[in-house]
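Thanks for coming, everyone. Then we'll step back.

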Amino acid sequence: MAPQLDGYFKQVDSMSGHFIERLRKAVAIPSVSADEARRPDVVRMGEFLAQELKALGAHVEARLLGKQPGLEHLELPPVIVARYGNDKNKRTILVYGHYDVQPAGKEDGWATEPFELTIDDKGRMFGRGSTDDKGPVLGWLNAIEAHQKAGIDFPVNLLMCFEGMEENGSEGLDDFINAEAKKFFADTDAVCISDNYWLGTEKPCLTYGLRGVSYYSVEVSGPGADLHSGVFGGTAQEPMTDLVRILGGLVDTHGKIQIAGLDALVAPLTADEKDLYTNIAFTMDNLHESLGSQTTIFPDKERTLMARWRYPSLSVHGIEGAFSQPGAKTVIPAKVIGKFSIRTVPDMQPEDVDRLVFKHVNDHFKTLGSKNTMKVSLLHAGKWWVASPNHWNFSAASKATERVWGVKPDLTREGGSIPVTLTFEQATGKNVLLLPMGSSTDGAHSINEKLDKKNYIEGIKLLGAYLHYVAEEPLN
Ligand SMILES: C[C@H](N)C(=O)N[C@@H](Cc1c[nH]cn1)C(=O)O
Ligand SMILES: [Zn+2]
Ligand SMILES: [Zn+2]
């Protein structure tokens, strides 16, 4: 089956140096979507992708999405859409990825410069965006180029949709996808997204579910300006004191969310579902390795997997306006903004979550009896997604995984969120598959993010092989 794959694999191996250089160029562009000052770099990264795609002979369009809501002086980065091939006799696969990245600075504790791809003697390629999501996005471009260089016919028509705001709420993208579903994306037969990770470091997986995310801010203000704690301590009510009480009351040490009514929104665990977790190739050692410690909430894999896939979690992310430098500054911050998010799961509806969160935070603040002012707001929300893996899209990916990695993939769900997954499914009416390239130790969103050279190169083979098996799958 898929007889041309050996030639394709050979070609990918022979071009590995070139593909790593392409990733090096991409990582060097600090396309941080959450940082206003970096917006020109996000745009530059989109242009880089567009140029590379044009050089490969793709039809490319940079689509503008308008201004960023709430920051009307700021233009949203363009969505880069592209088409490679337009053969009515071939299937059409729509792939999505994102070219923006999470913030990163050497001062956060990186061992290397975050925006310089640095490869160590174990083949680990360190750099912000290496695994999330520049490596996988470039994987599609590399697959096209290796086919061209090997003289192998590209097996499908490829539609591409690469956004620059995924790490910052995917502003404007839902409307764009809905508007293009019957236009640019009209002949889509299935969708594939490479933007998540294996559960461990050895066993590849295909992913059929994601948690959603609802992200909130809690602003507490009081004094007109930051104050000297010696002069005003004990006389002014302190916003930070109120805020840490509110944040500390959201979740306990064991991960139990303290918001009344939230548990009742979660779909009950069925007996069939319970069995699923036992058969997944995952150990607590895998978790300890990717966590870099043994400070896990649960002692066993089943409860750990359920906590990541099918139960909500609440994380406190940070406090804007707080003193956070080294040293011992004796300041009372005048205004502080706490940030937290809830990962949501079936059957939680975002509006219900918002209602319960607002009530909890407002009620808690009232009990403090503070004279300060408090405002709780939703920053962005994206829905959870669970799909059927019983589809030719998944069969093709499964065969490709066996061919490249020599093992049948696990079927997994993911604790992270890619909100547009559901939008693609609903707008196109087609099956969506998540096909990860990187592994659990890659440290996405963390310091020292990396992609293993092996996962990158074999991942390029996997994406290409998947397209070949797609072309061979009978319709169902
Ligand atoms: C799984 C994907 N690679 C990812 O990292 N998604 C982000 C999406 C997000 C939501 N708010 C900010 N970013 C995530 O799950 O955190
Ligand atoms: Zn991310
Ligand atoms: Zn991502």
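Which residues are buried in helix α13 (residues 420-428)? They are Val420, Thr421, Thr423, Phe424, Ala427 and Thr428. Buried means that 20 or more other C-beta atoms, placed from the backbone, lie within 10 Å of the residue's own. Helices are DSSP runs of H or I, at least four residues, and strands are runs of E, at least two, numbered from the N terminus.

Seen down the axis of α13, these buried residues fall within an arc of 160 degrees, so they line one face of the helix. That arc is taken from the directions from the helix axis to the C-beta atoms.

What do they pack against? The partners are β5 (92-98), α5 (173-180), β9 (190-193), β10 (205-210), β17 (385-386) and β19 (432-434). Contact here means C-beta atoms, placed from the backbone, within 7 Å. Just after α13, Gly429 takes a positive phi of about 70 degrees.

A word on the source. This is a predicted model: local features need pLDDT of at least 70, side-chain atom pairs count only at pLDDT 80 or more, and totals for chains, interfaces and linings use all residues. Residues are numbered from 1 along each chain as its sequence is written, with chains lettered from A and ligands numbered from 1 in the order written.

Now the whole protein. There are 14 helices and 20 strands. The C-alpha trace spans about 80 × 50 × 50 Å along its principal axes. Of the 476 residues, 45% are buried. Among contacts between residues at least 6 apart in sequence, 80% join residues at least 24 apart.

Conventions: Buried ≥ 20, exposed ≤ 12 C-beta atoms within 10 Å, placed from the backbone. Contact = placed C-beta atoms within 7 Å.
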